[in-house]
Amino acid sequence: MTRAQSTTVRHDVVVNAPLDRAFRVFTEQFGDFKPREHNLLSVPIAETVFEPRVGGHIYDRGVDGSLCKWARIVAYEPPNRVVFTWDIGPTWQIETDLTRTSEVEVRFAAESAERTRVELEHRHIERHGAGWESVAAGVGGDGGWPLYLGRYVNLLESGVPER
């Protein structure tokens with residue numbers, strides 16, 4: 001559920017996967033469901049990397065080897081929770097002022113031995129300053145977190161083996 005003009009965007013899905021697998025696929029295979037067209041590099045993306053540790057980054061590597069670090073991992077608590085920053089500003093460029101970045105928390109809760117609820121909360125969007133509403137609209141809209149989570153569900157349910 002997303003409210004217009006809210007500084008927090010929330011989405012959730014239930015996946016047919018045990019808790020541990022749901023967490024591992026989200027973090028270890030993030031690049032398999034992140035849309036390649038969501039690209040701040042000047043070249044196509046070769047891979048998206050999610051570094052599984054506090055202090056790590058989420059980054060895109062271009063086909064030419066260039067890097068775009070667009071998130072920092074601030075909490076990594078397998079298999080229940082991960083929190084990362086959103087270092088992309090209202091003009092859809094990298095934000096270097098860390099006080100002007102928002103935060104994404106993803107929580108994983110077992111509903112049964114084979115089903116997991118995944119709750120995503122993108123918060124503090126107002127920290128982006130003037131134009132923060134475009135960030136909220138972008139991440140909350142169909143091409144934002146709903147697209148990512150939909151692709152994540154499809155990846156889990158396609159039976160694709162973990163790496």
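**Loops, core and pocket of the predicted model**

H124 lies in the loop between β7 (115-123) and α3; helices (H or I, at least four residues) and strands (E, at least two) are DSSP runs, numbered from the N terminus. The structure is a predicted model, in which local features need pLDDT of at least 70 and side-chain atom pairs count only at pLDDT 80 or more, whereas totals for chains, interfaces and linings use all residues. Residues are numbered from 1 along each chain as its sequence is written, and side-chain values use heavy atoms, with hydrogens and water left out.

The backbone of H124 has a phi near 60 degrees, a positive value in a residue other than glycine. With a relative accessible area of 27%, H124 is partly exposed (buried means under 20%, exposed over 50%, partly exposed in between, with a 1.4 Å probe and protein chains only). Phi of W92 is also positive, near 60 degrees, and W92 sits in the loop between β5 and β6 (102-112). W92 has 33% relative accessibility, so it counts as partly exposed. A further backbone feature is the cis peptide bond from P78 to P79, with omega near 0 degrees; P79 belongs to the loop between β4 (67-77) and β5 (81-86). As background, most residues other than glycine have a negative phi, and most peptide bonds are trans.

W92 returns in the largest pocket, as one of the residues closest to its centre, together with H38, W86, I88 and Y148. This pocket holds about 240 Å³ of space and is lined by 16 residues. Here a pocket is an open set of points on a 1 Å grid where a 1.4 Å probe fits, with protein on both sides within 12 Å along at least five of seven lines, and lining residues have an atom within 4 Å of a point; the volume is the space filled by probe spheres set on the points. Helices α3 (132-140) and α4 (145-157) each contribute at least two residues to the lining.

W70 is buried at 2% relative accessibility, and W86 is buried at 6%.

Beyond four places in sequence, the contacts of F108 (heavy atoms within 4.5 Å) include L19, A22, F23, F26, P79 and Y152. Helix α1 (residues 19-28) is mostly covered, with seven of its ten residues buried; among them are L19, A22, F23 and F26.
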